[in-house]
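Dear colleague,

Please find the structure below, with the sequence alongside it.

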Amino acid sequence: MAVPFPLAPSLWATTAPAAAPTPPLDQSIAVETCIVGGGYAGLSTALRLAERGIAAAVLEAREPGWGASGRNGGQVIPGIKYDPSELIAKYGTAGGEALTRFVGSTADRVFDLIARHQMDVPFVRAGWIQGAHTQAMVETVKRRAGEWAARGVSTRLLDRDAMREAVGAEQYLAGWQDGRAGSIQPLAYARGLVRAAQKAGAQIHGDTRVTGIVKRGEVFEIQTTQGPTVTARRVVVATGGYPDGLIPRLNQTIIAPNSFIAATEPLSDTIAKTILPGGQVISDTRQLLFYYRRDHTNRFLMGGRGPFREPKSADDWAHLERAAVRIYPQLAGVKFDHRWCGRVSLTRDFLPHIHESEPGLVVDIGCMGRGVGLQTAMGEALADYVATGDKAALPFPVVPVTPLPLHALHKLYVSAIITWYRMTDGGLKASA
Ligand SMILES: Cc1cc2nc3c(=O)[nH]c(=O)nc-3n(C[C@H](O)[C@H](O)[C@H](O)COP(=O)(O)OP(=O)(O)OC[C@H]3O[C@@H](n4cnc5c(N)ncnc54)[C@H](O)[C@@H]3O)c2cc1C
């Protein structure tokens, strides 16, 4: 896969606290568990293992947080694509409710980790609003809010007027607010996880690309570009939307489109207080959704889908900047000074997949674009599983690596799907 847009231009890279040193692996070591990939999933696995007293090492090809974990929108939203009733229909009452508790806990886990480890992470916990852009979606958000409210979650239904007041814009017919959610500086959180994991005893090595995982008797030998190896009884592969052939056919199990974000310069107080004045984050019910927020420096960030390929110029973000001004006309004339993107990993059933290619070699993949909380929680679950061998620690079943049919054509599919959704999602104004 081509090297994606570097981390440097992201807003988060310019406003995050300095990274702790994570020197490359320069000599061969032996640990109980080796983790490949230094995103939220890998780092949270390492932290949890270290806290359990288990020797763990993370090998990251670039710097921890280089992937989606250092570039995302920083919206910490619990849940997944499926509502509790859909999870129950899929997994039965007990299984569905257990999964609902797991996916419902993901935002809590992020904010708990930030607090418990006193991480230097700017955050606001003011909730997430989901805006309904059609009448059919009004019914969907009402049902969704009701299902979570029935489970004791702090939710709020917003009619058109309440949405106008909360969002500061006219776009939506209605919406709901999930009080568990909030926002973070995402790269600061990745770096906070690094520091916490190191403090607990984990080794984190940046600039250390894993090139092979070979079973030798009872242990795995994890090979790196530089030469030194890690010997480990267990391996967790958490390479997100950037799998690079380590696990045969893994990259064929996902589609990894680029998500794009454009951010403005810091807004004047006069403008800032007109945009999401309560400090919530927001996304909408479109298939190709927009997600937006203000950050701790009062910049406005607009995120959404862009071209599948790597960006060529600032023009690849122009649709997001236009959308921002359509939603908030007061942004006309405000400069967008940061543009970046990263890859999300989508599975066919829109669920995270856990694979165990062979006993002791565990793979986590599939974030569906909502991985800040989810992959933090997945890391904790994977750590508990490799520490105990008890599959009950895993929220999702272990499934075989099954390539998507005609995966080689996926870029064409994605382009066709994006075009189709752009047509069917409609424009930015809510349709009555
Ligand atoms: C632009 C964007 C916006 C998003 N917005 C949100 C949001 O607002 N809210 C939300 O919840 N989610 C959001 N997401 C999704 C979220 O960021 C991801 O789900 C999450 O960060 C995935 O974490 P991860 O650890 O699985 O993968 P990543 O963070 O992608 O980490 C994988 C790491 O593996 C490393 N790697 C790959 N191969 C190797 C190898 N051979 N050797 C060593 N290392 C290797 C990579 O370098 C990379 O650092 C967004 C994603 C993007 C891209």
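The side chains of Lys142 and Glu139 form a salt bridge with an N to O distance of 3.9 Å; the term denotes a side-chain nitrogen of Lys or Arg within 4 Å of a carboxyl oxygen of Asp or Glu. This is a predicted model, in which local features need pLDDT of at least 70 and side-chain atom pairs count only at pLDDT 80 or more, while totals for chains, interfaces and linings use all residues. Residues are numbered from 1 along each chain as its sequence is written, and side-chain values use heavy atoms, with hydrogens and water left out.

Both Lys142 and Glu139 belong to helix α5 (residues 135–149), where they are 3 residues apart, about one turn of the helix. Helices (H or I, at least four residues) and strands (E, at least two) are DSSP runs, numbered from the N terminus. Lys142 counts as partly exposed because its relative accessibility is 42%, and Glu139 is likewise partly exposed, at 45%. Here buried means under 20% relative accessible area, exposed over 50%, and partly exposed in between (1.4 Å probe, protein chains only).

Helix α5 also holds Glu147 and Arg143, 4 residues apart, about one turn of the helix. These two residues form a salt bridge, with their closest N and O atoms 3.4 Å apart. Glu147 is classed as buried because its relative accessibility is 12%, whereas Arg143, with a relative accessible area of 37%, is partly exposed.

In total, the structure holds 23 salt bridges. Another of them pairs Arg180 with Asp178, at 2.7 Å between the closest N and O atoms; both Arg180 and Asp178 are buried. A network of salt bridges links Arg48, Arg52, Arg109, Glu380 and Asp384.

Arg286 is located in the loop between β15 (281–284) and β16 (291–294). Its relative accessibility is 5%, so Arg286 counts as buried. The side chains of Arg286 and Asp284 are joined by a polar contact of 2.9 Å. A polar contact is a pair of N or O atoms within 3.5 Å; within protein, one must be able to donate a hydrogen and the other to accept it, and residues adjacent in sequence count only if both atoms are side-chain atoms.

How many disulfides does a search of the whole structure find? The search returns 0 disulfides, a disulfide being a pair of cysteine sulfur atoms within 2.5 Å. Cys34 is buried, at 0% relative accessibility, and Cys341 is buried as well, at 1%.

Yours sincerely
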